[in-house]
Amino acid sequence: MSKSLQIHEESKKYTPGGVHTSIRNVDPFLVFTKGEGAYVYDADGKKYIDYQAAFGPFILGHNYPYVNNKVIEAIGRTDLYGVGCTDLEVELARKICTHVPSSEQVLFCNSGSEATYHAIRLSRAVTGRNKLIKFQGCYHGWHDYVARNMLSDWDMIGKRDPGSAGMMEEAIDNTLVCTFNDLEDVERTLRENKEQVAALIVEPIPHNIGCILPEPGFLQGLRDLCTQYGALLIFDEVITGFRHHIGGFQKVAGVTPDLTTMGKAMANGFPIAAVAGKREYMKRFNTEKGGDVWFAGTYNGHAVGTAASIATLEMMENEPVHEHIFRLGEKMRSGLRDIHDRLGVEAVVAGFGSVWTTYFMNFMPKNYTDLKQNNAELYVAYRRKLIEKGIFKMPMNIKRNHVSYSHTDEDIDTTLTITEAVLKELLQK
Ligand SMILES: Cc1ncc(COP(=O)(O)O)c(C=O)c1O
């Protein structure tokens, strides 16, 4: 029995399924025991080039020395107090408010789900309304407000599709679901629910279903419609924030939401997240005297997360992080397109900056419904074969890949060579 299998068997005794997040229970089951830069190593010592990046946090690479050293330095001096504020919190908040256009003020929490929960609750308080609009296929965390119509079965698209048993019926029914890149659908929904919609929450690029780019004018259209109908616009930049630009994708798109949620690449793998927005809204949180929207968390602003995030943002400020990851992302996309042309594979390579995915279909999808056309069987078989050959991508349908600052041209070349061999093998079958 391999070491990985032994650890998995042991884990199952103490933990349901042996994993601590639902979709970690994949085939092949992987047990990693070391991460370094662009590489991860399983319990049996096999090395992989990592493009899963733990769903996106690793913008610099695993165990990145600059970040780790700053964290070690910080926790040698300070940790958590439960009163007042810390110097690290202030330094990080200043950086975020300097870089992210919508961030006049910011609050820290520990996960993206907490951040979206707080943003939505705040939008209800500000507007005095209950309903929320989200898009089919987008993911905004595990809580009841948003956990519906995520990776819906194809026959459940747009229908009432709660993601979990045990959810509050009211929460499910107060969340309305629209089609991404369809402004008419959004306008109709706002019109039919006039003065009832507190907020519209959107991943500016829905990366939870790979990489669906917003069509020109779509994000601005959402901005205009939210203003017109008095709903707050929330950009959930938990994936796009910091990965696509230090100011978030809002900086790239030139569209400023009312509230922004951030996490993942914010701290290169250390746990911290944030909710930010206009001061006139943020002051409603009861961290300010007189505020009436509850905001709390024992671990909020812990030195580990704040020091890691400061270090990660410093790297982005001082080194060509985005230039490097964007160049390698583009090299990967164009290399893959060349392979598909050479082998005659029916595929499109979607992506932005450091993120990409290959959809096995013959047109570029613009919403979740279009992804029905993707050959899911091939998508997963392809990823499983790549894993066998030491290229780690999530072995699940419509998942994205990421490059980090630690990846090199050689990693991309190796990946492309292996990919071509894998595709040839799969196509021969
Ligand atoms: C866009 C988006 N928002 C929110 C979340 C929830 O973040 P967390 O898993 O840190 O709670 C995720 C997680 O994948 C996400 O992708």
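The model is predicted, so local features need pLDDT of at least 70, side-chain atom pairs count only at pLDDT 80 or more, and totals for chains, interfaces and linings use all residues. Residues are numbered from 1 along each chain as its sequence is written, and side-chain values use heavy atoms, with hydrogens and water left out.

Let us start at the ligand. Which residues surround the ligand? They are S111, G112, S113, Y139, H140, G141, E203, N208, D236, V238, I239 and K264; a residue counts as near a molecule if one of its heavy atoms lies within 4 Å of it. By class, this shell holds three nonpolar, six polar and three charged residues. Here Ala, Val, Leu, Ile, Met, Phe, Trp, Tyr, Cys and Pro count as nonpolar, Asp, Glu, Lys and Arg as charged, and the others, Gly among them, as polar.

Some members of the shell make polar contacts, meaning pairs of N or O atoms within 3.5 Å; within protein, one atom must be able to donate a hydrogen and the other to accept it, and residues adjacent in sequence count only if both atoms are side-chain atoms. G112 takes part through its backbone, with an N or O atom 2.8 Å from an oxygen atom of the ligand. N208 uses its side chain instead, where an N or O atom is 3.0 Å from a ligand oxygen. At D236, a polar side-chain atom lies 2.6 Å from a nitrogen atom of the ligand. On its own, the ligand has 390 Å² of accessible area, and the protein covers 83% of this area. Accessible areas come from the Shrake-Rupley method with a 1.4 Å probe, and for residues only the protein chains shown count as cover.

K264 sits in the loop between β9 (259-262) and β10 (273-277). Helices (H or I, at least four residues) and strands (E, at least two) are DSSP runs, numbered from the N terminus. The phi angle of K264 is near 35°, a positive value in a residue other than glycine. Is K264 buried, exposed or something in between? With a relative accessible area of 27%, K264 is partly exposed: buried means under 20%, exposed over 50%, and partly exposed lies in between, using a 1.4 Å probe and protein chains only.

Further along that loop comes N268. Why does N268 count as buried? Its relative accessible area is 2%, so it is buried. The side chain of N268 has two backbone partners to look for. One of its polar atoms lies 3.1 Å from the backbone nitrogen of I59, and a polar atom also lies 3.0 Å from the backbone oxygen of G61. Leaving aside neighbours within four places in sequence, N268 is in contact (heavy atoms within 4.5 Å) with residues including P57, F58, L60 and T312.

Now turn to helix α11, residues 321-343. Its 23 residues reach 33 Å from the first C-alpha to the last, close to the 33 Å expected at 1.5 Å a residue; the expected span is 1.5 Å times one less than the number of residues. Among the buried residues of α11 are V321, L328, M332 and H340. The buried residues pack against α10 (303-318), β11 (348-352), β12 (355-359), α12 (376-388) and α13 (409-428). Just after the helix, G344 takes a positive phi of about 70°.

Next, visit the loop between α1 (3-14) and β1 (32-36), where I23 is found. I23 is partly exposed, with a relative accessible area of 30%. I23 and M394 are 371 residues apart in sequence, yet 9.8 Å apart in space, C-alpha to C-alpha. Beyond its sequence neighbours within four places, I23 is in contact with F55, M394, M396 and K399. P28 is in the loop between α1 and β1 too, and the peptide bond from D27 to P28 is cis, with omega near 5°.

F55, one of the contacts of I23, lies in the loop between β3 (47-50) and α2 (65-75). F55 counts as buried at 17% relative accessibility. Its phi is positive, about 75°, although F55 is not a glycine.

Finally, find E192 in helix α6 (residues 183-192). E192 is exposed, with a relative accessible area of 58%.
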